[in-house]
Amino acid sequence: MTVTAQAVRRDAVKAPRRRGGGIAPPWLFAVPALLIYALVVLYPAFSGAGSAFTDWSGVGAQRSFVGLDNFQQLFHDDQALGALRNTLLLTVAIVVVQNGIGLLLALGVHTGIKSRMVLRVVFFAPVVVSPVMVSFLWKYVYNPAPDAGLNAALGAIGLGGLRQDWLGNPSIALWSVAFTVIWQCAGYSMVIFLAGLEGVPQELHESAMVDGAGTVARFRHITWPLLAPAVTINLMLSTVGGLTLFTQIIAMTNGGPGYATDTLSTVLYKQAFVFGKFGYSTAVALVLAIFVAAVSFIQIGYLRSRETAA
Amino acid sequence: MALERSVSRRRLLQLVGGATVTAGLAGALSACGGGNGSSSSGGPLKVIGAGSQEAGLRKALDDYKKAHSDFDFNLSFSPADQLQTALRAQLAAGNAPDLHAVYPGNGSAMSMVQLSKANLLTDLSSQSWTQKIPTGFKGAFQNDGKTFIFSPGTSVLGAIYNKKAFATAGVDVPTTWSELLSVCDKLKKKGIVPIALGAQTPWVTQLIDYALVPGTVYAKTPDFDDKMTAGSASFADSGWADAMNKYLELQKKGFFNDNPNGTTYEQATSMVGTGKAAMAVQVSAVLQAFRQASPTPDDLGMFPFPATDVAADNWIPGGVVVGIAVSAKSKKAEQAKKFIEYCGQPEVVNAWAEAVACVPLYSEGDAKVDPVLKPFLPYLKDNKAVPFMDQRWPNAEVQPTHFAVVQELLGGKSTVPAALKKMDEAYRKTA
């Protein structure tokens with residue numbers, strides 16, 4: 001009797017079913033969110049994109065349609081091409097080093113050491129600090145005077161020969177900024193890897209140990225494959241973060257010395273607000289958005305296939 | 001079975017979602033903060049001034065408020081670099097403050113010519129003080145014959161020096177380039193940094209060129225700007241090359257502090273104030289900041305920075321200082337215009353100019369000029385002063401290009417011909 005009643009009730013509220021089985025999500029619930037997203041993201045983005053085909057200065061009503069001139073200029077602009085090079089170098093450095101350190105930290109605090117909870121908090125702490133504050137802090141650390149900041153520390157431990165003009169030397173400045181970003185964000189990667197590590201079954205490790213597998217073999221054949229979802233998310237986030245890096249550069253070097261730390265984000269900002277070329281700036285922004293989207297799609301496609309294989 | 005317990009991507013997204021939202025929300029809040037920019041409809045008059053003009057503008061507003069009980073204002077200041085961005089963003093969004101800082105002449109995205117061309121400034125031509133603008137300065141205030149900004153006067157550019165440091169090295173103020181090199185050499189031998197240079201702050205990079213170019217370019221070719229406009233002159237084939245080579249000569253001889261590209265304006269200011277460095281090439285408008293950085297402000301003086309060995313060719317740069325203008329979209333434009341009319345009165349001009357160490361726009365009777373500026377007055381009287389170079393540049397790209405190429409030169413990443421070629425290319429771009 002009870003079973004029959006339950007069956008009847010299920011029939012009465014019969015949910016739409018997916019072709020492959022399971023209940024389809026009620027898409028109508030997403031409509032309010034989609035409307036808000038369209039209003040505050042899609043509409044401004046598409047309406048602003050129109051400026052890329054004009055010579056608008058960013059203020060006033062005067063603007064003329066210039067077709068693809070801004071895009072042609074972009075691909076012949078030494079400053080923009082230099083910024084693209086810097087953007088890619090920064091992204092590669094951040095993706096590789098930040099995730100490498102994040103993984104090592106996660107493995108370190110996933111052990112049974114007593115202070116692991118404190119260490120997790122310590123390593124994650126920089127993430128919750130404003131990037132502007134972190135930048136100003138590191139600008140102080142990078143003070144070029146021999147008796148200040150990092151240079152003073154190097155001198156104190158007998159490494160005075162390594163003192164540098166960390167943000168003023170065009171050959172070093174980009175890597176100084178990259179180090180600051182990595183210092184701040186490695187904890188973020190650590191947390192994601194840690195979440196992945198928490199899901200790796202202990203039984204697998206135990207059975208592998210019984211079979212005589214060492215630490216490296218267990219990491220390679222058990223931990224690393226099962227971390228695939230975490231790797232996907234970390235690589236995606238750090239790639240997008242690297243390609244769109246802005247705050248730390250503006251706060252620490254303003255793109256200088258010269259153009260040594262300019263990225264596509266700082267170029268589009270300067271074109272819009274310093275040079276008064278909003279149209280050209282929007283063209284840079286459009287190309288950057290398409291570039292980031294393309295890289296992300298290719299990356300996630302590859303990483304998903306890797307997850308499936310794992 | 002065990003594999004089913006591994007963390008899926010969806011679960012991972014749930015786990016990191018909280019952190020992502022938190023970080024994103026913090027960013028969004030900071031990005032959206034301070035959105036109270038639209039001020040024109042009610043409340044006090046909203047004013048944003050240039051940091052270098054704070055003392056004078058604040059005094060003028062305070063005095064005006066005392067005399068007008070129905071007047072109130074909300075004043076904030078912005079450093080030079082942020083004026084280009086934050087204020088311009090407000091202008092673009094149509095919520096600029098009623099009264100805001102504007103650079104005189106042309107050559108910057110926040111300059112009078114650029115903003116008046118976009119119909120963003122209120123015409124002030126009907127005010128009586130505009131008739132007293134000296135002819136040579138009209139280009140800084142006017143576009144198409146209409147006056148759009150008020151500025152209290154002209155700031156000169158030269159060396160702010162520490163008299164005690166000079167006395168320690170037993171040197172006097174130099175009047176020629178060779179004397180300057182000799183003075184720097186003696187200072188260096190005494191362990192004092194001859195010239196403090198904070199070239200990490202972009203606008204500081206231009207100052208030594210600006211100090212030298214009146215002597216290397218304009219003394220010989222006073223109509224250089226007109227020739228540039230006509231396309232018959234270029235940076236590369238002018239005395240600009242001489243000026244940049246001299247700039248680099250100072251660096252090669254070790255007359256700057258170590259690592260100027262990594263040193264900020266504030267650090268350089270402190271070096272001169274405390275006597276660690278003997279001088280810095282600066283505009284007189286920032287004298288107050290140097291005095292604040294010095295335990296003995298009276299030890300600071302100023303002298304024209306010599307560019308050549310011919311005393312008669314050593315002209316000085318003297319430009320109209322950052323002004324204020326009324327937003328064309330302000331609903332309190334009449335109130336703002338009345339305040340500017342008040343600022344144009346001779347006693348207010350004098351008081352403001354004195355507060356920011358500049359030479360008054362005009363004076364009736366004796367003008368009060370900061371005593372340290374006296375070495376510059378003969379140059380102004382003899383028409384040997386050239387407006388700051390950017391005020392005649394045709395677009396907003398030349399000046400930032402100048403900043404960048406100087407940093408590249410100081411960093412050893414460029415040459416003088418390559419630097420000037422970049423400036424010429426920026427100059428030839430359309431406004």
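Let's start with one side chain: a polar atom of the A:Asn86 side chain sits 3.0 Å from the backbone oxygen of A:Asp262. That falls under polar contacts, meaning N or O pairs within 3.5 Å, where within protein one atom must be able to donate a hydrogen and the other to accept it, and sequence-adjacent residues count only if both atoms are side-chain atoms.

Quick housekeeping. This is a predicted model, where local features need pLDDT of at least 70 and side-chain atom pairs count only at pLDDT 80 or more, while totals for chains, interfaces and linings use all residues. Residues are numbered from 1 along each chain as its sequence is written, chains are lettered from A and ligands numbered from 1 in the order in which they are written, and side-chain values use heavy atoms, with hydrogens and water left out.

Back to A:Asn86. You'll find A:Asn86 in helix 4 of chain A, residues 78–109; helices here are DSSP runs of H or I, at least four residues, and strands are E runs of at least two, numbered from the N terminus. Buried or exposed, then, this A:Asn86? A:Asn86 counts as buried, because its relative accessibility is 4%, and buried means under 20% relative accessible area, exposed over 50%, partly exposed in between, with a 1.4 Å probe and protein chains only. Leaving aside residues up to four places away in sequence, A:Asn86 touches A:Leu174, A:Tyr259, A:Ala260, A:Thr261 and A:Asp262; contact means heavy atoms within 4.5 Å.

Helix 4 of chain A also meets helix 13 of chain A, residues 264–273: the axes come within 8 Å and cross at roughly 145 degrees. Those axes are lines fitted to C-alpha atoms over the stretch in contact, with angles from 0 to 180 degrees between N-to-C directions. Helix 4 brings residues including A:Ala83 and A:Thr87, and helix 13 of chain A brings A:Leu264, A:Val267 and A:Gln271.

Now chain B, with 17 helices and 13 strands. Of its 431 residues, 56% are buried. Take helix 13 of chain B, residues 333–343, where the buried residues include B:Ala336, B:Phe339 and B:Ile340. The face turned away carries exposed B:Glu334 and B:Lys338. Among the elements covering the buried residues are strand 1 (45–50) and helix 14 (346–355) of chain B.
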